[in-house]
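Me: I am new to reading protein models. Could you walk me through a few features, one at a time?

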Amino acid sequence: MHMHTNIYLSTTMGLLNSFKRSNSDHFILAGKEYPRVTWWKRHNIRNLYFLLTIPLLGSWAEGYDGSMMNALQTSQEWQDFFNHPRGSLLAFYNLSFAIGALVAVFPFPWGAYFADHIGRRWGIVCGNIVTIIGAILQSAAQNFPMFVVSRILLGIGVTISQGNCPLLVTELAHTQHRAHVTAMYNSNWYFGSIIAAWVTFGTININSSWAWRIPSMIQGAAAVIQISLIWLVPESPRYLINKDRHEEALEILKHYHGEGVMTDFVAAEYLEIKETLALEKEYSNRGWAELFRTPGNRKRALICYIQGFFSQWCGNGLISYYLVPVLETIGITRNSEQAGLNGGLQIWNYIVALWAAFNIDRIGRRPMALGSTGAMIIIFTLWTVFSARYADTQDPGMAKGVLVMIFLFYTAFNCGWQGLVIAYPVEILPYEIRAKGLQLTFFGVSTNVVNQYVNPVGIQNIGWKFYIFYCVWLCVEFVVVYFLWVETKGVPLEEIAKLFDKEDANVGGGAATDHAKIEPGVTGNTEVDVEYAEHEFVSNLP
């Protein structure tokens, strides 16, 4: 009992302390303080974040898919065309996308291969080509097999693209803003879901198969935009340095992070990245086995997988793909009401997810995940109680209570899990295993193949009693997060390795570990780079 009290008190104090806003007007890189950057006052960094909206569209297609499949279930034309699928058949319609996503992770992790070998931008293009083919086939589907195959292709294409988009975002963003911008990536899942919800709401009354073909066609829109505009976005400086294209990488950092001037910050940033990547090349085997070679990497790999797995098994899958059956259990059966609720829910979700993304460094990763999961436990328990009471009494008040719990549940989920499911794995992984480790997160996410099959069957067979499983499982998630997650708030990307590997971390530059200083020749002739950088900075001062 005493241990449980201590855990509760320490968690509560951690949550309260994390909400205290720092008054510091500086941030730290390589052990030195630098003035905080107001991004909208800097022309080049403002342009950078405008350009990053292009890779930030990467999660659009997946969010669009979940909301579209929810909304299509409210379409009479879709229901009639596919003979009113229910139970396991309805599950297969939905999980075909997840099957494609699983194939693109195991046994064919194309996303990681493209990211490491041909670059983040080309990886995005390759994934989007497959996505466009899938969207065309889906909108032209003539039968059940064609619809399913198209959705498998969509799952493959979206997963390849998602294996590259967040890498490009996090590796281009300024150190001070990295966490916020990267957390926005998966928050944009709801941008796609909002468009899908309201597109299908607008086409639901079309008296032909175009009622569902138009939304299916639009699913490929983000892929077309990305292929057309991704070349305006610079390549990842980390990727360029890893390919010995140092001058290009330095020019990108100088232009966007230094406003065209080789500032002390840009010099330190470049030095830290260059030395760290050189150390990783020297001391890593560069294969998939590197994910499990050291205790620090094993912990990272476990967190990456669990992050994806937990994000799909906390009850959100009930709403993401099966809102209609859930609403039917509380007597909401009119198509227009169901579609309207779906659209309103997605707008609310996006607002909350963006709020969480902008506050990720104010609150911290652990407090966000723990607070979110704890709130979901309470809310899901009340959701179950209200559903049980409605099943017994048909009381409209209980139905309204369930609706409130659905909105509150997603509020809690979005405050801790939506943005972090990608942002946290991407930042805890060193460059050499970043693309590979992210595939572990996607592998965890792909367990929704089982989730999407079980949910409609469970709702159909035992109704509200099925929710009890999630009430219990959420408690398991809370305990695991408490003991496993590592706080990374305010730590520069390369330096996060110290939190996992201590003094064995491959970190160079001004924050170099003792391990990195043993053989200074490994990092190359970096002194020349710094001297040149400082000289150019002085010569460019007004």
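Reply: Happy to! Let us start with a cysteine: Cys314 counts as buried, because its relative accessibility is 0%, where buried means under 20% relative accessible area, exposed over 50% and partly exposed in between, with a 1.4 Å probe and protein chains only. Cys304 is buried too, with a relative accessible area of 0%.

Me: Before we go on, what kind of model is this?

Reply: This is a predicted model, in which local features need pLDDT of at least 70 and side-chain atom pairs count only at pLDDT 80 or more, while totals for chains, interfaces and linings use all residues. Residues are numbered from 1 along each chain as its sequence is written, and side-chain values use heavy atoms, with hydrogens and water left out.

Me: How many disulfides does the structure hold?

Reply: A disulfide is a covalent bond between the sulfur atoms of two cysteines. Counting pairs of cysteine sulfur atoms within 2.5 Å, the structure holds 0 disulfides.

Me: Now helices, please. At what angle do H11 and H12 pack?

Reply: Two packed helices are described by the angle between their axes and the distance between the axes. Helices are DSSP runs of H or I with at least four residues, numbered from the N terminus; axes are lines fitted to C-alpha atoms over the stretch in contact, and angles run from 0 to 180 degrees between N-to-C directions. Here H11 (residues 189-203) packs against H12 (residues 210-218) at about 155°, and their axes are 8 Å apart. H11 is therefore roughly antiparallel to H12, a label for angles over 145 degrees.

Me: Which residues of H11 and H12 meet?

Reply: Contact means heavy atoms within 4.5 Å. Val199, Thr200 and Thr203 of H11 meet Ala211, Ile214, Pro215 and Ile218 of H12. Sorted by class, that contact has 5 nonpolar, 2 polar and no charged residues; Ala, Val, Leu, Ile, Met, Phe, Trp, Tyr, Cys and Pro count as nonpolar, Asp, Glu, Lys and Arg as charged, and the others, Gly among them, as polar.

Me: What about H5 and H8: how many Å apart are their axes?

Reply: The axes of H5 (residues 87-103) and H8 (residues 144-162) are 6 Å apart, at an angle of about 35°. Their contact divides into 13 nonpolar, 5 polar and 1 charged.

Me: Last one: where is Val486 found?

Reply: Val486 is in the loop between H27 (467-484) and H28 (497-501). Val486 counts as buried, because its relative accessibility is 14%. Beyond its neighbours within four places in sequence, Val486 contacts Lys299, Arg366, Tyr424, Leu499 and Phe500.

Key. Helices (H or I, at least four residues) and strands (E, at least two) are DSSP runs, numbered from the N terminus. Angles under 35 degrees count as roughly parallel, over 145 as roughly antiparallel, 65 to 115 as roughly perpendicular and the rest as oblique.
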